[in-house]
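Please read them with the structure open.

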Amino acid sequence: MKSHFIEGLKDGVPIALGYLSVSFSVGIMALAAGINVFQGALMSFSNMTSAGQFAGITIIGAGGTLLELILTQLIINLRYALMSLSLSQKLPEKIPIWQRMVVAFANTDEIFAVAMGHAKSLTFPYMVGLQILPILGWTSGTVLGAVAGQVLPPAIGSALSVALYGMFIAVVVPVATKIRPVLWVAALAAIFSCVIYYVPLFSGISAGMSIIICTILASVVGAFLFPVPQETKEKEV
């Protein structure tokens, strides 16, 4: 089992390095939203989701309500429930529930992709090894970003915070070029967001509710315009 843990550590190194660089901008954004270094570190350690954390920081910075924060996290992170169901199929049948909960804690997009692509059957030591370095990378990157945000000039701090937007673009663009519905749904979400932000009629909508509304509307329209063919569903099953 020790060899499985070490193998997981090795597979987690590239993810950890990527998380370290991206979460640097999360720390800067958290500091700008009034979140101190300790709070930012605790947020990153307990909330392994870049999109969810970005939305949460935006809502906190805008003075949003707790209900908006909860709903936003539920909608944005709902995909992890489906990913965990899929990942559980590669775990041993008799794995205890507490071990399943540990694995689910850090089941991010990148960790899920590496785990699902792992040729061998997954074990608990391997998953712990795979997750531990990315967790440390994401948390330490947030701390470094928050500390740097206190000493760097505002112009440099603002420039570094763009890295998180760059990560979202890097995630969406490759998929959107291959799958047109993804491109249209992302464009619709951007359009809805611009309408809510610039049209005076919607000026009373908070940042948190704007994220929720844009996500739901774009998803509903995408599901209506680009339904998954029945043959594809049967093949997946």
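This is a predicted model: local features need pLDDT of at least 70, side-chain atom pairs count only at pLDDT 80 or more; totals for chains, interfaces and linings use all residues.

1. **Contacts along the chain.** Residues 24 or more positions apart account for 77% of them.

2. **Surface and burial.** The protein has 237 residues, and 33% of them are buried. The accessible surface is about 13600 Å². Carbon and sulfur atoms hold 74% of that surface.

3. **Nonpolar core.** In soluble globular proteins, nonpolar side chains tend to be buried together. Here the largest nonpolar core has 28 residues. I57, L87, L122, M127 and L130 touch the most other members. Which elements give two or more residues to this core? They are α1 (2–32), α3 (50–61), α5 (79–88), α7 (109–116) and α8 (124–151).

4. **L130 in detail.** L130 is one of the core residues that touch the most other members. Set aside its neighbours within four places in sequence. L130 is then in contact with G8, L9, D11, G12 and I15, and also with I111, V114 and A115.

5. The largest cavity has a volume of about 80 Å³. Ten residues line it, and Y19, T49, S50, T108 and E110 lie nearest its centre. By class, the lining has five nonpolar, three polar and two charged residues.

6. **Second largest pocket.** The volume of this pocket is about 210 Å³. One part of the lining is S46, N47, M48 and T49. Q73, N77 and Y80 also line the pocket, as do A104, F105, A106, N107 and T108. What is the split by class in this lining? Five residues are nonpolar, seven are polar and none is charged.

7. **I216.** This residue sits in helix α12 (residues 207–225). Is I216 buried, partly exposed or exposed? Its relative accessible area is 41%, so I216 counts as partly exposed; the cut-offs are under 20% for buried and over 50% for exposed. I216 and A189 are 27 residues apart in sequence. In space, the two are 8.9 Å apart, C-alpha to C-alpha.

Methods: Residues are numbered from 1 along each chain as its sequence is written. Side-chain values use heavy atoms; hydrogens and water are left out. On a 1 Å grid over the protein atoms alone, a cavity is a set of points where a 1.4 Å probe fits but cannot get out, and a pocket is an open set with protein on both sides within 12 Å along at least five of seven lines; lining residues have an atom within 4 Å of a point. Grid points are joined across faces, edges and corners, and a volume is the space filled by probe spheres set on the points. Ala, Val, Leu, Ile, Met, Phe, Trp, Tyr, Cys and Pro count as nonpolar, Asp, Glu, Lys and Arg as charged, and the others, Gly among them, as polar. Buried means under 20% relative accessible area, exposed over 50%, partly exposed in between (1.4 Å probe, protein chains only). Contact means heavy atoms within 4.5 Å. Accessible areas come from the Shrake-Rupley method with a 1.4 Å probe; for residues, only the protein chains shown count as cover. A nonpolar core is a set of buried Ala, Val, Leu, Ile, Met, Phe, Trp, Tyr and Cys residues joined through side-chain atoms within 4.5 Å. Helices (H or I, at least four residues) and strands (E, at least two) are DSSP runs, numbered from the N terminus.
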